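Visitor: I have a chain here that I would like to walk through with you. Could you show it to me and take my questions?

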Amino acid sequence: MLFGVIIREGPQNWQIIQQENGTADVSLRGTYSLPEGMEGDARVYARLVKEDCGENVVPWTECLHHDGNRWEIVLRDVPAGGLYRIETCLNCSGSGWAIEWGIRGDMIHHLGVGDLFVIAGQSNSAGYGKDPVYDPPELGVHVFRNNGKWDIATHPLNDSTGIIHIANTELVNPGHSPYLSFGKYLKRSLGYPIGLMQASLGGSSLGMWCPDQDGTLYRNMLDIISLCGGKIKGVLWYQGCSDVGEGSRETYLERFSRFVSCLRKDTGMDSLPFLTVQLNRKISAADADIGWAMIREAQRQAAKTVDGVYIVPANDCMLSDDIHNSSASNMVLGERMARSALFHVYHRIGSFDAPDISQARSVGGMKVELEFDNVRERLSIIGWSKEENPFCIQDDRGEVGITECYVENRNRIVCKLARMLQANAFIHGFHTKNLPSCKIIDVADNLPILSFYNVRIIQDRKGEQLDLQTL
C-alpha cells in the first residue's frame with residue numbers, strides 16, 4: 001500500500017481552471033498514511049508553485065484533517081496564470097524532519113488558471129481541415145479531451161479515442177479546427193492560459209443543440225461543462241449547414257436565440273458570450289442558394305438582435321473539400337474570433353466587427369447606394385465584374401442587372417443599374433451557396449463584409465436617411 005499523501009479529489013494534470021476577477025480557488029481532498037513502522041502525529045500540507053521555476057505562489061499550508069485519515073484544503077486566490085504545480089506532503093512529529101523533507105505526497109502538474117471556452121456546432125467547429133499547416137501546440141493552451149482527461153491542445157481537438165460522452169462521437173476522423181489558433185492568440189494577448197472543451201459534432205443540426213427539440217448535444221455539452229467545474233468564459237459556435245433546408249432555415253434565428261437563452265439560464269451566466277462564424281461556401285450543387293442565404297442572414301441578425309452574440313465572416317476563406325474550411329483558413333478564423341473576443345469580451349482592443357450593411361437606398365432609380373457600419377478605414381472592391389458580381393437586386397419585374405460597382409466615401413458602395421428600379425426592391429450580397437471570388441474588404445485589416453439577404457431598398461430620391469428594413 002502506498003504511504004504518504006494521496007489526492008483523491010482535485011484538478012487533473014493539464015487542467016485549466018476558470019478564473020473570476022483574476023483569481024481562482026483550488027479544492028483538494030484525499031487520504032494519508034504513515035510508512036510502516038513510523039509513529040507520531042501526522043499532518044498533511046499542500047502548496048502551489050510556479051512550474052517553470054519552483055517559486056511559491058501558495059506556500060506550505062496545513063490542511064484540515066478529519067477522522068479516518070482524511071484531509072482537505074482550499075488553496076485560495078490563486079492568480080490567473082501558470083503553469084503551476086501542486087505538491088502535498090506529510091509532516092510527522094516523530095520524523096524530526098523539516099517540512100521541505102516531509103514524507104512523500106501526490107502532485108498535480110501543468111495546472112493553469114485562466115479562461116475556458118466550450119466549442120459547439122458542426123463539422124467546421126469539430127475541425128475537418130485536411131491540408132497540412134504549421135499550427136503547433138503551446139503550453140498554456142489545453143483541451144479537455146473526449147476521454148475525460150485534460151491535455152495540451154493538439155489537433156484534432158475532437159479526437160474520439162476513449163470517448164466517454166458518446167453523443168459527440170465523430171463518424172470519421174476529424175482534422176484541423178480554428179480553435180488552437182484561437183487559444184494561442186488569446187493566451188498571448190491576455191498573458192494567462194486558455195482551456196478548450198470540445199462538444200461539437202460534424203453534421204449536427206441546430207435542433208440537437210436546442211433543449212426543447214432533440215437536445216442530445218445540448219445535454220452532452222452541459223455534462224462537459226459540469227465536468228470542467230461548471231463555469232466557462234464563452235461559447236465558440238460554428239453551425240448552420242445542416243439547417244439550410246426548407247422547414248429549418250425559416251426558424252433558425254428564433255431557435256438559435258432560444259438556445260442561447262437556455263444555455264445562459266442553465267449555466268447561471270446571464271451574459272455568457274457567443275462567438276460565432278457566418279457560413280462560408282459549399283461548392284457542390286445539392287442545395288439551393290436560398291437556404292444558405294437565409295441561414296447567413298439569420299446569423300447576421302442574431303449578432304444584431306441578441307445581446308452578447310458576436311459574428312465574424314468566413315466568405316473569403318478557402319476550402320479543403322466542397323464544404324470544409326482549409327486548415328490555413330481555420331487559422332485565420334481562429335484569430336478573427338480571438339480578436340472579436342478581445343474587443344467584445346475583454347475590451348482590450350479597438351473595434352473588430354466586420355463591415356455590415358446599414359442602409360440600401362435608390363437614388364434616381366438608376367443606382368443603389370449601400371452604406372456599411374463598422375468601416376474603420378475604407379472599403380475596397382477586389383475582382384468585381386459582371387460575372388463575379390456579389391450583389392443581386394430584385395424588384396417587381398424580377399432581377400435588375402448591375403453594370404458597375406464602386407466605392408464612394410469610404411463606407412458607401414454604389415451599384416449602377418441596367419434599368420429603372422421598380423417597386424418592392426431588395427438587394428442580397430454574398431448570399432449564394434457557392435460564393436463569387438470577388439472580395440469587398442475594409443483595408444484596415446482585410447476583414448470582408450458580412451453576407452446579407454433580402455435587405456429592402458428604400459426609395460429615397462430626396463436623400464432622406466431612412467432606417468434599414470429586412471424581411
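Visitor: What percentage of the 471 residues of the chain count as buried?
Guide: Happy to start there, with a word on the basis: this is a predicted model, in which local features need pLDDT of at least 70, side-chain atom pairs count only at pLDDT 80 or more, and totals for chains, interfaces and linings use all residues. Residues are numbered from 1 along each chain as its sequence is written, and side-chain values use heavy atoms, with hydrogens and water left out. Buried means under 20% relative accessible area, exposed over 50%, and partly exposed in between, with a 1.4 Å probe and protein chains only. By that cut-off, the buried share of the 471 residues is 54%.

Visitor: How many helices and strands are there in the chain, and what box do its C-alpha atoms fill?
Guide: Helices (H or I, at least four residues) and strands (E, at least two) are DSSP runs, numbered from the N terminus. Counted this way, the chain has 6 helices and 27 strands. Along the principal axes, its C-alpha atoms fill a box of roughly 100 × 40 × 40 Å.

Visitor: What share of the contacts with a separation of 6 or more comes from residues 24 or more positions apart?
Guide: A contact here means heavy atoms within 4.5 Å. Among contacts in the chain with a separation of 6 or more, the share from residues 24 or more positions apart is 71%.

Visitor: Which elements do the buried residues of α5 pack against?
Guide: Helix α5 covers residues 289–305 and reaches 24 Å from its first C-alpha to its last, close to the 24 Å expected at 1.5 Å a residue; the expected span is 1.5 Å times one less than the number of residues. Its buried residues include Trp292, Ile295, Arg296 and Ala302. They pack against α4, β14, β15, β16 and β26.

Visitor: Which residues does Phe256 touch, leaving out those up to four places away in sequence?
Guide: A nonpolar core is a set of buried Ala, Val, Leu, Ile, Met, Phe, Trp, Tyr and Cys residues joined through side-chain atoms within 4.5 Å. In the largest such core, with 70 residues, Phe256 is among those that touch the most other members. Beyond its sequence neighbours, Phe256 touches Leu206, Trp237, Phe274, Thr276, Ala302 and Val309.

Visitor: Is Cys89 buried or exposed?
Guide: Cys89 is found in strand β8. Because its relative accessibility is 4%, Cys89 counts as buried.

Visitor: How far apart in space are Ile441 and Pro355, C-alpha to C-alpha?
Guide: Ile441 lies in strand β24 and, at 6% relative accessibility, counts as buried. Ile441 and Pro355 are 86 residues apart in sequence, yet their C-alpha distance is 7.8 Å.

Visitor: Which residues does a cis peptide bond with omega of about 15° join?
Guide: Most residues other than glycine have a negative phi, and most peptide bonds are trans. The cis bond with omega of about 15° joins Gly82 and Leu83.

Visitor: Is Asn21 buried or exposed?
Guide: Asn21 is found in the loop between β2 and β3, and its phi is near 55°, a positive value in a residue other than glycine. Because its relative accessible area is 85%, Asn21 is exposed.
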